[in-house]
Amino acid sequence: IRKEVLHGSFQYCKADLCPYLSRYKNLGEIQAPIHARSSSDEIYAAKSVEHAKRLLIMLNYDASCNLRCPSCRNDTILFNEHTAPPSLREVHAAVLRNIEELRAAGFHITLNITGSGDAFASPLYAKLLRELTIDSNMSLELQTNGVLMEEARFTEAIFSSLRFISVSVDAFQKETYERVRRGGSFARLKANLDWLNRAKLEKKFSHDVYYKINFIVQRENFREIPSFAKWILEYPSVNEVWFNLIADW
């Protein structure tokens, strides 16, 4: 896979599903294969030195979410600390231990929470965010549907360590939202998007947080793409509007 990327063929990649590759190909931004500029060995050697003490850890072991979007699941999945299966609690405890061991070993860690559910809905992740010691060697990335993204849930640790936040919206009309984001509140979501926009503009975060809004393209919502883009681009704090074709993963 790496070889084909380096040579510019991307034969194992799906340009119809990957918005990044689709953009590069449609806009002609792939000017020359990476291999023409440097050998793969040189690239990986340089990266390994540059990132020797930096780790991005993506926490995707808890699928708990306050929504039940058809693009993701058939039913509600929402554990709490008592109803979570023993295996999940064991994984969570092991993750906490491993993070502390890596920190003690001098690693700078970026935690991404979460691609499997919602960062604010999962009691396990919420407990982790409350109890984690945040310092200059710890950064956070949050992925959320935005419904629970109220200011009250943003602790001082989150304000000081957040570098990236991704909010999945998937609709422009309230009626469409209720079909593709089942269990959500469009009014509550919009209020939270307004709040996050103000917080970024007022520089309440210690870092320049990269703010991304997602739209999973599907039969129910594709006609709203232009209106959605125009609406989200009215928020000056948003760095990226990301459209991705639905995939049955």
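Modeller: A polar contact is a pair of N or O atoms within 3.5 Å; within protein, one must be able to donate a hydrogen and the other to accept it, and residues adjacent in sequence count only if both atoms are side-chain atoms. This is a predicted model, in which local features need pLDDT of at least 70 and side-chain atom pairs count only at pLDDT 80 or more, while totals for chains, interfaces and linings use all residues. Residues are numbered from 1 along each chain as its sequence is written, and side-chain values use heavy atoms, with hydrogens and water left out.

Biologist: With which side chain does the side chain of Thr114 make a polar contact?

Modeller: Thr114 lies in the loop between strand 2 and helix 5 (123-131), where helices (H or I, at least four residues) and strands (E, at least two) are DSSP runs, numbered from the N terminus. The side chain of Thr114 reaches the backbone oxygen of Leu59 at 2.8 Å. The side-chain partner in a polar contact, also given as 2.8 Å, is Ser116.

Biologist: Is Thr114 buried or exposed?

Modeller: Buried means under 20% relative accessible area, exposed over 50%, and partly exposed in between, with a 1.4 Å probe and protein chains only. Leaving aside residues up to four places away in sequence, Thr114 touches Leu59, Asn60, Asp62, Ala119, Tyr125 and Gln143, and contact here means heavy atoms within 4.5 Å. The relative accessible area of Thr114 is 1%, so this residue counts as buried.

Biologist: What is the omega of the peptide bond that joins Ile113 and Thr114?

Modeller: Most peptide bonds are trans. The bond that joins Ile113 and Thr114, however, is cis, with an omega of about 0°.

Biologist: Through which helix does the chain cross from strand 1 to strand 2?

Modeller: Strand 1 (residues 54-59) and strand 2 (residues 108-113) run parallel and are joined by six bridges, and two strands pair if DSSP finds at least two bridges between them. Leu59 has Ile113 as its bridge partner in strand 2. The β-α-β crossover is right-handed, a term for a path that, with the strands pointing away from the viewer, runs clockwise from the first strand over the helix to the second. The helix on this path, covering residues 86-104, is helix 4.

Biologist: How many residues apart are Phe186 and Trp231?

Modeller: Rings of Phe, Tyr and Trp (its six-membered ring) pair if their centres lie within 6.5 Å, with planes under 30 degrees apart counted as stacked, over 60 as edge-to-face and the rest as tilted; the count comes to 16 aromatic pairs. Phe186 and Trp231 form an edge-to-face pair, 6.0 Å centre to centre with 65° between the planes. The pair links distant parts of the chain, with Phe186 in helix 8 (residues 186-201) and Trp231 in helix 9 (residues 225-232), and their separation in residues is 45.

Biologist: Why are Phe228 and Trp231 separated by about one helical turn?

Modeller: Phe228 and Trp231 form an edge-to-face pair at 5.8 Å centre to centre, with 85° between the planes, and both residues are buried. They are about one helical turn apart because their spacing is three residues in helix 9.

Biologist: What is the relative accessible area of Lys203?

Modeller: Most residues other than glycine have a negative phi. Lys203 is exposed, because its relative accessible area is 70%.
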